[in-house]
Structure formats: C-alpha cells, structure tokens
Amino acid sequence: MFQPDPYDVIILGAGPGGLQAAIHAARKKAKTLMLGRMDNSSLYWAHVENYCCQFKISGEDILNTGREQAISFGAEFRDEDVLSINPDGKLFKLDLESGESVLAKTVILATGSSRNKLKVPGEKELLGKGVSYCVDCDAGFYRDEVVAVAGCRSAAAGGAVSLTNFASEVHLYCEELDIADGLSEQLKTSGVNVHEGVTIESIEGTDAVEAVKLSDGTTQSVSGVFIELGAKGVLELTASLGVQLDESMKYIETDKKQRTNVEGIYAAGDICGPPLQMAKAVGEGCVAGIEAAGFAKKLEL
C-alpha cells in the first residue's frame, strides 16, 4: 500500500537525535513521520547524568518526553522499522516491515551506529570468514549454501527472506519473533526455516564457519551466520542510495548542515561518528530537522 501524499520529512530512529529532529521539523510545519522503536536506542536502557541542565534521569523518561513533545507539534510516530530505502524520482520510497510503503521528500538517518553482537564463542574469531552483520552486503557470497540468521526483529526476518534468493537453506534462530504482521506473512511463505525458542550458543569452524551449536543441544551445518539483532543498520539502509561513509565504513559523512552527499538525505547522532553522546545527537538532530524541513518546503515535484 502506498502513501500517495509524501511526507516532508521521514526520520529513521527514535533516539535523542531523531526525536530532536522530529520536534524541529514539526515546529516548522513540515509533515513529519518518525519510524523506529525507542527500545532500540542505547539511551533507552541508560541513566544520564552528564547532560546540561539535568541531574540523573533515565533514558526511557527522556525518550518518552521527547516523543510527547514531537507529537504535540504534529509529528507522527510508527513503532516499526524500515526494510529498505530507494530513490523514487525526486522522492524516496521507504518499505516498512508492515508491508506498507511511504514516500518522503527528505529522510533523516538517526539510527545509531552500534551493531549488536551475539556474544558467543566463534563470533569474533570468524568475523569476515562466514560471520556477517549485513545481509544486503554479503548475501551474494552464499549462493546455494546453507546459512543461519540470528535475531528476533525486522532486520533478522527481512534478512532471512532476502537470503532465500541466494542460499539453498535459510535457518532463522530466535527466542521469540517480534515483527509486524506484514513481514510475518512474508516470512511464512518464504521457505525460511524458523526456529523460535532456539538460539545460537556458539559458531564453529577453523578457517571459516562450518556449523552452529544450538541451545536445544543440536548442531546445524552452515557456511554463513548473519547476526541481525535490531533494526537495519547504516550499511544496509544506505546501500542503494550511494550515501558516503567514512573510511571505517561505520559512520555517515555530513557537512555542518547535517547533509550527506545525496540531496535530500540527512543524518544525525551516533551514526555520524564520535563522540557518541546524547548532547551531540540532540544538537545534530536540531540542525537536521530544521534543514530537512526547509529543503522539503522548497522542493518542486
């Protein structure tokens, strides 16, 4: 289903940078949508005592207050993740885990930078030798191979579905799936072997991944393990856009107006690099929200 009337600003990520961007974009009377889950933000689980004008306060309280502020100015929120972003003429088309697609004049990337680790034996040792954190980057290396995916949310489920176009078998391991109904239906009809209640306890192999040992006591032979424990990361979401990353391929490069090298795409917060602090994320979110709203208002379709 398409959203026929494009949003002026769509923000990916519900952390402090994204929330501040939503507040400022909405205050500029831009039609604003924020996508993401607040508990994906590292701030959600933290306590903050180094932010100006605040003594110790929980990250969850900060985020909830920010969300209420943005809504009061007219921003919309949806607690779901984005599976892909692609150019659509002068607009951007975002495919959501619900199965819906929405259009945007501008996009602000504020998804944070960290890739959650599985923290099991073999993960670090076999990184780049069969262990990957990016399905969109590495799926092509596993044509006609058996692969495993670890994760319970949209990145894992969406990645597993994508891998069926390459791998001969795809096994998804998770405690309990937490995805939208649309993506759940895709998963059911995709041919992915879903193992709820079963997790990966170790990754086996000498020079390359050979198998995974599982919490139910069994072992599955695989050639690759994709660890996708949250929402889509910077590499996956920017792959089709041509957004410039830094030399480490971890952070997005922006100018002082938080613009990337792709017109209409902005970024803010940890995704732009250190220091990974809330104060920096809020400042960059402010700039990105104002600039994106201004650009959207001037864009002629």
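These are my notebook entries on what I looked up in this structure.

**Entry 1: before starting**
I reminded myself that this is a predicted model.

Then I picked strand 10 and strand 11 (residues 169-174), which run parallel and are joined by 5 bridges. Across from Val 147 I found Val 170, in strand 11. What lies across these strands?

I zoomed in on strand 14 (residues 211-214), which pairs with strand 15 over 3 bridges. A reminder to myself: strands in a sheet pair through backbone hydrogen bonds, and they can do so in a parallel or an antiparallel way.

**Entry 2: aromatic rings**
How many aromatic pairs does a search of the whole structure find? The search gives 1. The pair is Tyr 142 with Phe 226, with ring centres 5.4 Å apart. Why is it called edge-to-face? The planes sit at 75°, and an angle over 60 degrees counts as edge-to-face. I checked where the two residues come from, and they are 84 residues apart. Tyr 142 is in the loop between helix 3 (135-138) and strand 10 (146-150), while Phe 226 is in strand 16 (residues 224-227). Are they buried or exposed? Tyr 142 has 11% relative accessibility, so it counts as buried. Phe 226 is buried as well, at 0%.

**Entry 3: charges over rings**
I found the charged end of Arg 27 over the ring of Phe 73, 5.1 Å from the ring centre. I also found the charged end of Lys 117 over the ring of Tyr 133, this time 5.4 Å from the centre.

**Entry 4: the nonpolar cores**
How many residues does the largest nonpolar core have? I got 27, and the ones with the most contacts inside it are Val 9, Ile 11, Met 34 and Ile 108. Strand 1 (7-12), helix 1 (16-27), helix 2 (59-72) and helix 7 (278-298) each supply at least two residues of this core. Helix 1 gives the largest share, 6 residues. Another core, of 25 residues, lies apart from the largest one. Among its members are Tyr 7, Leu 12, Leu 96 and Leu 241.

**Entry 5: Met 38**
Last stop: Met 38, in the loop between strand 2 (32-35) and strand 3 (47-48). Its relative accessible area is 11%, so I put Met 38 down as buried. Not counting residues up to four places away in sequence, Met 38 touches Ala 14, Tyr 44, Leu 63, Asn 64 and Arg 67. I looked at Leu 63 again: along the chain it is 25 residues from Met 38, and their C-alpha atoms are separated by 7.1 Å.

Conventions:
Residues numbered from 1 in each chain as written. Predicted model: local features only at pLDDT ≥ 70, side-chain atom pairs only at ≥ 80, totals over all residues. Heavy atoms only, no water. Pairing = 2+ DSSP bridges. Helix = DSSP H or I, 4+ residues; strand = E, 2+ residues; numbered from the N terminus. Phe/Tyr/Trp six-rings, centres within 6.5 Å; stacked < 30°, edge-to-face > 60°. Buried < 20%, exposed > 50% of the residue type's maximum accessible area, 1.4 Å probe, protein only. Lys NZ or Arg CZ within 6 Å of the ring centre and 35° of its normal. Contact = heavy atoms within 4.5 Å. Core = buried A, V, L, I, M, F, W, Y, C linked by side-chain atoms within 4.5 Å.
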